[in-house]
Protein chains: 2
Amino acid sequence: MAEAKPRSPPDRKFVTALSRGLEVLRCFGPRDRWLANQEIARRTGLAKPTVSRLAYTLTRLGYLRSSEATSKYALGGAAIGLGFAALGQMDVRRVARPFLQELSQYTKASVHLAVNDRLSMQVVDTYWNSASFVIDIGSRVPVATTSLGRAWVSSLPAPERKRILEAMRVARPADWPVNRKRMEQAFRDFDAHGFCFGLGDWRREINAVAAPLLLPDGAGPIVVGVSGAAFQLEQDVLKRDVGPRLLALLGNVRSGLSPDRELEGG
Amino acid sequence: MAEAKPRSPPDRKFVTALSRGLEVLRCFGPRDRWLANQEIARRTGLAKPTVSRLAYTLTRLGYLRSSEATSKYALGGAAIGLGFAALGQMDVRRVARPFLQELSQYTKASVHLAVNDRLSMQVVDTYWNSASFVIDIGSRVPVATTSLGRAWVSSLPAPERKRILEAMRVARPADWPVNRKRMEQAFRDFDAHGFCFGLGDWRREINAVAAPLLLPDGAGPIVVGVSGAAFQLEQDVLKRDVGPRLLALLGNVRSGLSPDRELEGG
DNA sequence: CACCTCGTTTCGTACCGCGAAACCACGTGC
DNA sequence: GCACGTGGTTTCGCGGTACGAAACGAGGTG
C-alpha cells in the first residue's frame, strides 16, 4: 500500500502493476498461510477486482496457489524458488560456514547469519550445538530489538540510518522512546567495540552480540550474531570474549572471499 | 477498429506487466549473479526500455539491487525475504526435522527435503553427518536425472505427469531418449516399492533414493531423499534397508502433522 | 425465500506501459 | 582529436491494458 499517488507521480519509470503484484505477495507473513481475497485487498489497500486479477496472475505463474475450496491463497513453489535463487548467490555463506560452526562450538551457543529485509532481519543460516533455543533458517526477527538488527543499522551510513529509524518510529510509535534509547546505545557500542548487544530485550533470558560484515559487492551488509542463554552469555563475556572472536571471524571471512572476483557472474 | 485480436488470448484477467516483472527476476539462476540490462532483455525477449523500467521498479522495491558501477543487477534482499516467508509456512520442515536427522545418522548419508519448481527440485532442508558431499539448502537439482525429481514426478497424477515429461523433452531434446527410459523405470520402481532411485546418473559415485510426501493442504508433493557415496549406498541396500526406512519416516511425519488443522491461517 | 457476505466478471474509460528512435556515457581504434 | 561501437536510459505519442464502479454469481443463514 502506501505509494498511492494517483495524481502526482512524474515517475514514468515506475511500473505500478508490478509493484502492486509484489505487494500482494508481501502480504503473506510467517503468521498467515492462507489469505482470502478480501484480506489481501484490505492489507494492500487495493480494490477487490484488482486483487482478484493480480492473484490470478500470480497463481498462474506459480507464486501463489489457491485452496481447492477456492477463495484462499497461499504462497506457491515459485516464491520459494525465487528466494533460494537469491540465497544461492551468497557465497558468503559457503565461506563463512566453517568459521560459524567453530564459533558455535566454542561458545556453545547459536550463531546466525542474517540479511535485512525492511524492518526485519532475515536469518539465512544457523548453527547450534546443543542449544535448546533455536532460531531456524528462515526466521525473521525485528530490527528494532535484536542485536542482529542493531548491528545492521549501525553499519549504515547516516542518512540511511536516519531513514530506518524514522520507519521504525512510524511502524511502532508506542515502542519508539525505548527503542530509540536502545538504538543510540547500540551506536555507541558499535563505535566503541565494533559490535552491538541484545540483552534480554527481544526474548527474556536470551543475550546476544552481533556485528556487520560489509562486502565489496555492493550488497547490503550481512550480519553475524551469537545468541544464547543469558546466564551463559553475560554481557561481560560477550564484550570481552565472544565479541572480539566475532570480529576476528569477520576478518577471516572477509579475507576468505577472494577480494578480486567481483562482478564476475560466470 | 473492430474485429479480433489475432495475438494474445483475450485473458482479461492476466496482468502482463506483473508477469513480465517476475520473468525478469526469474532470469537470475544460481549461475548468474550479475546480469546486465541487455542480457535480461535477451533472456526474457523483452524490449530494452521495458527491461529498464521493470528493473528500476524491482530495484526500488528491493527485489533487485544494482551494482555501483551501474548497469548490472543482482537479486536483492526482498527476494530472499519472499522465499523464506514461503518456506516458513512449511511446518512439515519442523515436524520432519528429528526424523530426518535420525535417518541421516543411521545411514551416514545426506538427507534432503525438496519441493518442485518447474524443472528443478529445490532443496529446502539438508542433514548430513560426515558426508564429504553436500547438497546445501538452496541447491537446485534437475527433475530429470535425480531420485528427488523422479519421486516427485512419480507422485503426480497422470495428466500432470505427462505435461512435465513433455516439458522435459522440449527443454533437453538430446537427453530425452535416455531420460525417458530412466523415468519409466522410476515409475515402475515407484509402483513396486514406493520410492525411486538415482544411481550415479546425476553425479557419478552418488547413489540416492527418494520418496514423495503428499500433504492434505493442497500443496505440491514434498520429496524426501537420501544420498551418499555409491559404494556405501548400493542399490541393494537402498532397496532393502534405506528405502523402507524412508517410507516409515514419511509415515511418521504424516501422522506427526495434526491431520485436522488445515486451512487454518493465523 | 429474502438477505447476507465475499469473490468474480463486465465494460467503458483513463491512463499506463510499450517500444522506435533519440539521447548519453564510455571505450577504443586510428 | 575525431569517428565509431556498445550498452543503458529517456522521450514521447499511441494502443491497448489495467483499473474500479457496478452488476453478477455463489454459498451460507435466518
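B:R118 lies in the loop between β4 and β5 of chain B. Its phi is near 55°, a positive value in a residue other than glycine. The names of helices and strands used here refer to DSSP runs (H or I over at least four residues for helices, E over at least two for strands), numbered from the N terminus.

This is a predicted model, in which local features need pLDDT of at least 70 and side-chain atom pairs count only at pLDDT 80 or more, while totals for chains, interfaces and linings use all residues. Residues are numbered from 1 along each chain as its sequence is written, chains are lettered from A and ligands numbered from 1 in the order in which they are written, and side-chain values use heavy atoms, with hydrogens and water left out.

Strands of a sheet pair through backbone hydrogen bonds, either parallel or antiparallel. Here two strands are said to pair if DSSP finds at least two bridges between them. In chain B, six strands form an open sheet in the order β6-β5-β4-β9-β8-β7, with antiparallel pairing. At its edges stand β6 (140-142) and β7 (196-199) of chain B; each has a single partner strand, so one side of each is left without a neighbour in the sheet. On average, neighbouring strands of this sheet are turned by 30° against each other, direction ignored. Such angles run from 0 to 180 degrees between N-to-C directions, and the axes are lines fitted to C-alpha atoms, for helices over the stretch in contact.

Within this sheet, β8 (residues 206-213) and β9 (residues 222-229) of chain B pair in the antiparallel sense over eight bridges. One residue to look for is B:N207, whose bridge partner in β9(B) is B:G228. Helix α5 (residues 91-107) of chain B lies across β4 (110-117), β5 (120-127), β8 and β9 of chain B, running at about 75° to β5(B). Contact here means heavy atoms within 4.5 Å.

Chain B also has an open sheet of three strands, in the order β1-β3-β2 with antiparallel pairing. Its edge strands are β1 (35-36) and β2 (64-66) of chain B, each pairing on one side only. Two bridges join β1(B) to strand β3 (residues 72-75) of chain B, and the bridge partner of B:L35 in β3(B) is B:Y73.

In chain A, strand β1 (residues 35-36) and strand β3 (residues 72-75) pair in the antiparallel sense over two bridges. A:A36 stands opposite A:K72 in β3(A). Strand β2 (residues 64-66) of chain A pairs with β3(A) over three bridges, also in the antiparallel sense, and A:S66 has A:Y73 as its bridge partner in β3(A).

Side chains of opposite charge can pair when their charged atoms come close. A salt bridge is counted where a side-chain nitrogen of Lys or Arg is within 4 Å of a carboxyl oxygen of Asp or Glu. The whole structure holds 29 salt bridges over all chains. One of them joins A:D117 to A:R26, with the closest N and O atoms 3.0 Å apart. A:D117 lies in strand β4 of chain A and A:R26 in helix α1 of chain A, so the pair ties together parts that are 91 residues apart in sequence.

The two chains meet through 64 residues of chain A and 64 residues of chain B. The area buried between them is about 6000 Å², of which carbon and sulfur atoms give 64%. Buried area is the accessible area (1.4 Å probe) that two parts lose on being put together, summed over both. Three salt bridges are counted between chain A and chain B. The side chains of A:R60 and B:D11 meet in a salt bridge (3.7 Å, N to O). On the side of chain A that touches chain B, α4(A) gives the largest share, 11 residues.
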